[in-house]
Amino acid sequence: MIENYYFLLKPFIAVLVLSFLYSILGIFVILKKLSFFSDGIAHASIFSLALAYFLNLDLVLLGIIGAIFFSSLIFFLERKTKLHADALIGLIFVTFLSLGIILMSFKRGYQPELLNFFIGNILTLSSFDFYLILFFSLVIFLVLIKFFQIFILVFLDRTEAILRGFNVNLYEFIFYLILAIATILGIKITGVVLITALLILPPMSASFISKNFKELLVFSPLLGCLNIISGFLLSFGFNLPLSASIIAFSASVFFLLFFFNLFKTK
Amino acid sequence: MKPFALEVKNLSVRLGNNLVLDNLNFEIEEGSITAIIGPNGSGKSTLLKAIIGLIPFQGEILIYGKPNFEQRKILGYVPQSYEIDKFLPMTVKEFLEFNLTKETFPKKEHLNHHLKEMDIVQFENKQLKDLSGGQLQRVLFCRALVNDPKILLLDEPTSGIDLVGQREFYEIIHFLNTHHRLTILMVTHEITIVHHFANHVLCLNKKLICNGPVNLLFKEEILKELYGREIFVYPFNKPPIQK
């Protein structure tokens, strides 16, 4: 019976690797208040995904190129205008989302891929995508390990980081890039609508049971992986949509720990 | 004469169309405690930001004879306020360890020394979000010290702290100045307390109104020029109102 599910092995490994990566990245995302950034990048990437679909190119690869462009554009506009980051992210979000929808409308007939862009479909993950996810996840992990202390310092207090002699703009840009690329890596699995949940739910839940930062670094990926495994079991056990099952389970864990924490402190 | 820790020459700062600092010229001697006073919006915090190099400016800021951008690492800074993310389960010790740079990172005993000195050991495993205002201020002080600065910049460091906390805070400043030979530059509104601890004062209202020994503060004409109205600084220049 189990051999019937071999086709799911690669997607499962890919999701598990991404979940681990997101659970660590998510800590920085919450610290730097960037959850709307990843949401914006995901939605704007509809344009690059539509373009890839239109030109018959690999969706994830062109999505990554698009993410690098969008995050660079947000970073540049943030520094050249007096507008707040969330307003700029909103601008990029709606501009490229609408362009993407227009582009898709040029394809005649029913477009199931359009729905996949929004809510994800793990079965569309190709072997090439699988290796692309592993490769970029590894690169992002290495960047995180290399600059871990600096990212924390920059996100905790920009002024202090400047005093320590760090080029904060450079490190913020590097983080924007890796976050944007990481966001795109998971789009085929959860779709653009739910991707941010994978980033923020594990660290948010882990913060309720962590007494210090080291524990947060352990509990967040553990919960992230638990969410994925449970989401898979729920999805295939009860024939439910996978991405929605993962996110619904993650949110349940969050609320469970939230109420547990609430009653414990009373 | 002692060398200058800080020299400011023809410093002007413009934020948008507003001239926030107008052609400041002054020097700060090594080992001094300087209070920067002035009304709200007079450019006190902007001056500190310019010294750190956070904002563009015209003129010259020299720290031990070199441009400020080259000397940032010998500056310590305690901000007016520090927003702690309630989400973050980070302990005091972890927070301070993250602030150790490569030069000081191998020396964990160095951090332990400052934890003891600032009386933080008792709450080093407490989470940042659970600290009182006074405890957080000590932690920020400790953070400013862990990389061995030569000049400490304090931006209204006692705002939001009770009187006992303020007293302790100024005693720490005095201790750091005498035992660590730190040059201290602090923005403050507490003229009556400053007089006990500072030995130099800069009165700022976009322009430099006064620059010299701290007793300048108790000249009515200077305070009037600085704040635009008569200010009585009890008990130094006026008796208390008798009922």
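Axes here are lines fitted to C-alpha atoms, for helices over the stretch in contact, with angles running from 0 to 180 degrees between N-to-C directions. The model is predicted: local features need pLDDT of at least 70 and side-chain atom pairs count only at pLDDT 80 or more, while totals for chains, interfaces and linings use all residues. Residues are numbered from 1 along each chain as its sequence is written, and chains are lettered from A and ligands numbered from 1 in the order in which they are written.

**View 1. Helices α2 and α8 of chain A.** The axes of α2(A) (residues 35–55) and α8(A) (residues 168–185) come within 9 Å and cross at roughly 55 degrees; helices are DSSP runs of H or I, at least four residues, and strands runs of E, at least two, numbered from the N terminus. Phe37(A), Ser38(A), Ile41(A), Ala42(A) and Ser45(A) of α2(A) make the contact with Leu179(A), Ala180(A), Thr183(A) and Ile184(A) of α8(A) (C-beta atoms, placed from the backbone, within 7 Å).

**View 2. Helices α2 and α3 of chain A.** The axes of α2(A) and α3(A) (residues 59–80) come within 8 Å, crossing at roughly 135 degrees. This pair is therefore also oblique. Residues meeting here include Phe47(A) and Leu51(A) in α2(A), and Leu62(A) and Phe70(A) in α3(A).

**View 3. The side of chain B that touches chain A.** In chain B, 19 residues are in contact with 20 residues of chain A. Both β6 (75–78) and α2 (92–98) of chain B supply at least two residues of this side.

How values were computed
Two residues are in contact if their C-beta atoms, placed from the backbone, lie within 7 Å. Angles under 35 degrees count as roughly parallel, over 145 as roughly antiparallel, 65 to 115 as roughly perpendicular and the rest as oblique.
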